[in-house]
Amino acid sequence: MKNNIGRCWSCFVCVIISSISIANASETKILKVCYDQWPPMTIFPTHDAPLRGVVIDMLAQVYSAHGYTIEYYEVPLARGLDMVTNGLCDMLPEFLYSKQADNAFVYASEPTFEYPSAFVVRKDDPWHYNGIKSIEGKRIATGQGWDYSSMSLEYQHYLDNPDNADFVEVIAGDDDVVERVLMMIKGERVDLYADNALVLQHVLNRNNLNSALKIVQPGLENKLVEMPIFSNKIPSEKRQRLISIWNEGRRALKGQQEQIILKKYNVMF
C-alpha cells in the first residue's frame, strides 16, 4: 500500500512540474528583429561599442515592457527584407513608407520617426537650399541606388537626369558612404550632400568634422517617414498584437523619453 501511495505521489509531482514547465514555455515571448546598419538610428554593436542605436533602444524599451525577449539579426537591408518576407524575422524596425506596400509585410501605423533632411556644406560656404535652381552648378554627392523621391521628386529627377551627370558624384559602398562623402566635401571634391539630419549630426560628431563642415537647413521639401514592418508569414493575431504594442509604446515615448534616448547618442532635432 505504501508503495502505491509513493508512486501516486511521484506521479502527482511530475504532473505539477510538467504543468509549470508548459506554462513557463507558453509565457516565453520571443521577438525576432532584423535590422541594418544606419547609425545612429540602428547600429551593429561590437565588443568595444555595444550600443545598438536610437531606434533599437526604443524598440527594446517598448517590447521588454510587455515581457518580450528580443533576438537580433544584424544584416544588410535587402537580406532583412527577405527574412521578413519569409517569416524568418517577425519585423524590421525601419523601412521607407510607401502607399504601394509589398504584400509580404504590414506597416505599423506609428512611425519610428519622421526625419527632417538637411544638407552638409563646407563651413565657409554661404549656400542654402532654395529649390532645384539653387543646386544647379553645384557638385552633389549621393550613394549608389539611393532614392530621395519620397522627400523630393524634383531633387531625385535632377540626380537621375543624364544632363546633370557631370555635377553628380555617385559613391558606391555600404557602411562608410556618408563618411567618405563628407571627407570629399571637406577636400572640395564635391560641394554638398543631403541626408537625414540626425545621421549627418552623428557622422560629423564621430569624425570631428564640425570645424570644417556644417549642416544647413531647410533640407528637402518632405520629411523621410520610416515605419516598422511586420511579416505576413506570422499568425495574424500575433502580428496585430505586435503592431498594437509598437503603436502604443511609440506614442508613449514621445516627448521627454524620446529626448533622453536621442541625447544618449548626442543628436537632436
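Reply: Start with confidence. This is a predicted model. The protein chain has a mean pLDDT of 90, and 89% of its residues reach 70 or more. One stretch stands apart. Over residues 1-26, pLDDT stays under 50. For that stretch the model has 0 contacts beyond four places in sequence.

Now the helix. Take α3, which spans residues 77-85. Three of its residues, G80, M83 and V84, are buried. They sit on the same side of α3, because they cover an arc of only 100° around the axis.

What lies over them? The cover of α3's buried residues includes the strands β1 (29-35) and β2 (68-74). It also includes β3 (91-96), β4 (105-107) and β11 (224-231).

Next, look at the charged residues of α3. D82 forms a salt bridge with R79. Their closest N and O atoms are 3.2 Å apart. Both residues lie in α3, 3 residues apart, which is about one turn of the helix. How accessible are the two partners? D82 has a relative accessible area of 36%, so D82 is partly exposed. R79 is partly exposed too, at 39% relative accessibility. Both values fall between the cut-offs of 20% for buried and 50% for exposed.

And the end of the helix? α3 is followed by G87. The phi of G87 is positive, near 80°.

The structure holds 13 salt bridges. One of them joins K138 to D125, with the closest N and O atoms 3.6 Å apart. K138 and D125 both lie in the loop between β6 (117-122) and β7 (140-143), so this pair ties together parts that are 13 residues apart in sequence. D125 counts as buried, at 12% relative accessibility.

Another salt bridge links E136 and K133. Here the closest N and O atoms are 3.8 Å apart. E136 is partly exposed at 44% relative accessibility, whereas K133 is exposed, with a relative accessible area of 66%. Elsewhere, salt bridges that share partners join E110, R251 and K254 into one network.

Back to the helix, then. On α3, the buried residues G80, M83 and V84 share one side. D82 and R79 pair up within α3, and D82 and R79 are each partly exposed.

How values were computed:
Residues numbered from 1 in each chain as written. Predicted model: local features only at pLDDT ≥ 70, side-chain atom pairs only at ≥ 80, totals over all residues. Heavy atoms only, no water. Buried < 20%, exposed > 50% of the residue type's maximum accessible area, 1.4 Å probe, protein only. Helix = DSSP H or I, 4+ residues; strand = E, 2+ residues; numbered from the N terminus. Arc of directions from axis to C-beta. Contact = heavy atoms within 4.5 Å. pLDDT = per-residue confidence, 0-100. Salt bridge = Lys/Arg side-chain N within 4 Å of Asp/Glu carboxyl O.
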